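Dear colleague,

I am passing on the structure that we talked about, so that you can look at it alongside my notes. Please open it first and keep it in view while you read.

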Amino acid sequence: MSATPGETSMAVAKPLGVPSVIGLVWRFAAAGLIALGLVLLASVALSQSVGRDVALDEARRIARLTGVGIVEPALDAGILTGDPASLSSLNRTVVDAVLGGSLVRVKLWQPDGDGGTILYSDESRLIGEPHPWDDEKQAAIVSGDIVVEESDLSSPENRFEVSQSELLEVYLPIDGPDGAPLLYEAYFDLRRVNEAGRRVWTAFAPLVIGGLLVLQLVQVPLAWSMARRLRDGAVHRQQLLVRSLESSALERRRIAADLHDGVVQDLAGLSFELSAVASAEDPDRVRETAESAAATLRANVGALRTLLVDIYPPDLDGQGLASALEDLLARHRAAGRDVQLDADVQVPIPRPTAELVHRIAQEALRNVDKHAAAGRVVVTLTAVDDRLRLRVDDDGSGFDPTGDDGDAEGHFGLRLLADSARELGGLLTLSSGVGAGTAIELEVPL
């Protein structure tokens with residue numbers, strides 16, 4: 001039987017409400033960039049705080065080093081009495097070995113009640129001045145700890161530092177030449193202290209920012225893949241829903257048509273026939289009508305049973321696919337067609353695949369019954385390697401698969417089944433020609 005092959009196809013409209021992959025990736029990237037910005041801001045704030053703490057620790061270390069290591073050994077008894085030679089000697093030591101970098105001023109205090117007297121300062125005009133102490137100075141001299149505070153440039157003791165924008169004061173108790181405690185005060189340029197903190201931040205900022213950017217870049221391909229899977233899954237679900245609704249509507253129309261054109265018409269005619277003979281007195285006529293009615297009822301019961309099989313498929317697990325196909329062919333044998341089933345499959349068939357094969361065979365035989373006017377139908381089911389093949393051949397009138405003839409609803413049903421075959425990785429093809437019969441073939445992986 002020669003034929004012109006033509007593969008069934010079905011156009012699927014673009015599903016509504018499914019975002020594009022680019023849109024999903026942009027959302028992910030935007031959220032990632034926002035999170036990256038927040039992390040960067042938090043990192044900057046934390047790093048600057050850490051850097052400032054490191055700088056303040058460095059100021060404390062310098063104050064201890066210069067106060068205990070340089071100034072304390074340079075003190076003599078003349079410092080306590082304001083001896084010019086002692087002050088000059090201490091000043092040379094401070095200028096040469098202490099001042100420099102961020103350390104810009106030094107004062108040496110002698111405690112006196114709630115305040116103290118400036119015994120020495122590199123600003124000589126302050127030497128000998130008494131000033132009250134704030135809580136930080138008192139805490140340093142009492143506890144013996146190093147205390148840090150920002151300078152109050154409005155204080156009288158700091159009147160010569162007004163040219164400085166911001167200063168940091170570090171207080172450190174040291175031992176005087178007579179063993180009595182003195183308060184060593186070192187002034188640091190706060191801008192340079194902050195710059196030291198910023199240097200700490202900028203030292204590892206590239207690592208933090210670079211690491212976050214690399215993480216963001218690595219996540220983009222992953223987000224693209226996940227978005228594509230999400231989009232494909234949404235499209236697949238919508239397509240399944242559309243096909244399910246279309247298949248349901250098609251089956252309802254077919255059932256309604258079968259009932260209207262078959263059983264309903266036969267029963268309506270039977271009711272009229274029985275009504276006509278209800279009062280008949282001729283026994284032969286009554287007997288003939290009863291026999292005809294019984295035959296009609298048996299035929300309609302068979303039709304209804306066939307319809308039940310169409311509505312509720314057989315138990316393919318228990319009955320087996322070959323037996324289910326044999327049941328489909330029973331109607332055609334009853335109609336007088338030469339029907340042949342060749343099903344020699346010894347391998348297990350997954351239930352989704354078995355259901356698809358049964359549905360396609362059912363649809364093909366339904367079209368043969370309605371449109372082909374065929375005298376012979378051959379159904380072949382084989383398993384070759386890891387693929388299952390179903391072929392339904394008839395010698396009916398056939399049709400032109402490239403034209404508009406034929407039953408549109410029947411072909412639409414095949415198109416739906418072709419999409420179902422593709423879902424399982426299979427392929428459904430239809431070959432037909434005018435006067436050359438029709439062949440429908442399914443190939444699906446096991």
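A residue is called buried when its relative accessible area is under 20%, exposed when that area is over 50%, and partly exposed in between, using a 1.4 Å probe and protein chains only. This is a predicted model, in which local features need pLDDT of at least 70 and side-chain atom pairs count only at pLDDT 80 or more, while totals for chains, interfaces and linings use all residues. Residues are numbered from 1 along each chain as its sequence is written, and side-chain values use heavy atoms, with hydrogens and water left out.

Is Leu-182 buried or exposed? Because its relative accessibility is 2%, Leu-182 counts as buried. Leu-182 belongs to strand E7, residues 181–189, where helices (H or I, at least four residues) and strands (E, at least two) are DSSP runs numbered from the N terminus. Although Leu-182 and Leu-108 are 74 residues apart along the chain, their C-alpha atoms are separated by 6.9 Å.

The next topic is the nonpolar cores, each being a set of buried Ala, Val, Leu, Ile, Met, Phe, Trp, Tyr and Cys residues joined through side-chain atoms within 4.5 Å. The largest has 30 residues, of which Ile-360, Val-379, Leu-390, Leu-428 and Leu-442 touch the most other members. Among the elements that each supply at least two residues of this core are helix H8 (321–334), helix H9 (351–372) and strand E9 (376–384), and H9 gives the largest share, eight residues. A second, separate core has 25 residues, including Ala-63, Leu-103, Tyr-120 and Ile-146.

Side chains of opposite charge can pair when their charged atoms come close. A salt bridge here is a side-chain nitrogen of Lys or Arg within 4 Å of a carboxyl oxygen of Asp or Glu, and by this rule there are 15 of them. One joins the side chains of Arg-105 and Asp-122 (3.4 Å, N to O); because Arg-105 lies in strand E2 and Asp-122 in the loop between strand E3 and strand E4, the pair ties together parts that are 17 residues apart in sequence. Arg-105 is buried, at a relative accessible area of 13%.

Another salt bridge brings together Arg-376 and Asp-338 (2.7 Å, N to O), and this pair links distant parts of the chain, with Arg-376 in strand E9 and Asp-338 in strand E8, 38 residues apart. Arg-376 is partly exposed at 33%, and Asp-338 is partly exposed at 40%.

With best wishes
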